Amino acid sequence: MSAQIRIPRMFSRASAVSALTVAAVGGTVATPGYPPEAEAATVAAKALRIAASKKGAPYRYGAAGPKRFDCSGLTQYAYKRAGKRLPRTAAAQYNGTRHIKAASRKSGDLVFFHSGSGVYHVGVYAGSGRIWHAPKTGTVVRLERIWTKKVWYGHVR
């Protein structure tokens, strides 16, 4: 894969423009092997929309959709539909994400609930301290405030 440079219209195709010049006039430079930030943001936003679209779906232990979910089944389903693969359990999903600080969290990132070093629950961060998740038996997929400070955050790569 080669680097792609978007050259502003004020330059002709024949112009030899360095990456620095392109950046100076507001262009973009794509680095080989790294998806553009917009693409990563789009995947997270799409996963968040998909999780939200499952509002009211019943909780069922071990279920991964499309009509019933447990917590990690919901996150796996949402990200799979958005184009990314996640492992099946909350703990495995935590191990498969890039760990980030709370200050760096963005909508669509995953929120992992833990006790000591063990992860026991996961949801999709919706912003403003809330998550979409499938809580427990007898409940449904819903939007809820994060109720504890014992959480870690992960960004799906």
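Buried residues account for 38% of the 157 residues in this chain. The structure is a predicted model. The exercises below work through it.

**Exercise 1. The chain as a whole**

Task: State how many helices and strands the chain has, and in which pattern they follow one another.

Solution. 
- Step 1. Count the elements: there are four helices and eight strands.
- Step 2. Read along the sequence: the pattern is β-α-β-α-α-α-β-β-β-β-β-β.

**Exercise 2. Confidence**

Task: Find what the mean pLDDT of the chain is, and what share of its residues reach 70 or more.

Solution. 
- Step 1. The mean pLDDT is 83.
- Step 2. A pLDDT of 70 or more is reached by 74% of the residues.
- Step 3. Look at residues 1–35: the pLDDT there is below 50, and this stretch has 24 contacts in the model beyond near neighbours in sequence.

**Exercise 3. Ile50**

Task: Decide whether Ile50 is buried or exposed, and list which residues it touches beyond four places in sequence.

Solution. 
- Step 1. Locate the residue: Ile50 is part of helix H2, which covers residues 37–53.
- Step 2. Apply the cut-off: buried means under 20% relative accessible area. Ile50 has a relative accessibility of 11%, so Ile50 counts as buried.
- Step 3. List the contacts: leaving out residues up to four places away, Ile50 touches Tyr77, Ala78, Arg81 and Ala82.
- Step 4. Compare sequence with space: Thr75 is 25 residues from Ile50 in sequence, and their C-alpha atoms are 9.3 Å apart.

**Exercise 4. Helix H3**

Task: Compare the span of H3 with the expected value, and find how many of its residues are buried.

Solution. 
- Step 1. Helix H3 runs over residues 71–82, twelve residues in total.
- Step 2. From first to last C-alpha H3 reaches 17 Å, close to the 16 Å expected at 1.5 Å a residue.
- Step 3. Ten of the twelve residues are buried, so H3 is mostly covered. Among them are Leu74, Tyr77, Ala78 and Ala82.

**Exercise 5. Strand S8 and its partners**

Task: Work out how S3 and S4 are joined to S8.

Solution. 
- Step 1. Strand S8 covers residues 151–155, and four of its five residues are buried.
- Step 2. Strand S3 (residues 98–100) runs antiparallel to S8, with three bridges between them. In this pair His99 stands opposite Gly154.
- Step 3. Strand S4 (residues 110–115) is also antiparallel to S8, and four bridges join the two. Here Phe112 has Trp152 as its bridge partner.

**Exercise 6. The nonpolar cores**

Task: Name which members of the largest nonpolar core touch the most other members.

Solution. 
- Step 1. The largest nonpolar core has 27 residues; those touching the most other members are Ala51, Phe69, Tyr79, Leu110, Phe112, Val122 and Val141.
- Step 2. Trace the sources: H2, H3, helix H4 (90–95), S4 and strand S5 (118–127) each supply at least two residues of this core.
- Step 3. Take one member: beyond its neighbours within four places in sequence, Ala51 is in contact with Leu74, Ala78, Val124, Trp132 and Val141.
- Step 4. Note the other core: a second, separate one has eight residues, including Ile100, Phe113, Ile131 and Tyr153.
- Step 5. Relate this to a general rule: in soluble globular proteins, nonpolar side chains tend to be buried together.

Methods:
Residues numbered from 1 in each chain as written. Predicted model: local features only at pLDDT ≥ 70, side-chain atom pairs only at ≥ 80, totals over all residues. Heavy atoms only, no water. Buried < 20%, exposed > 50% of the residue type's maximum accessible area, 1.4 Å probe, protein only. Contact = heavy atoms within 4.5 Å. Expected span 1.5 Å × (residues − 1). Pairing = 2+ DSSP bridges. Core = buried A, V, L, I, M, F, W, Y, C linked by side-chain atoms within 4.5 Å. pLDDT = per-residue confidence, 0-100.
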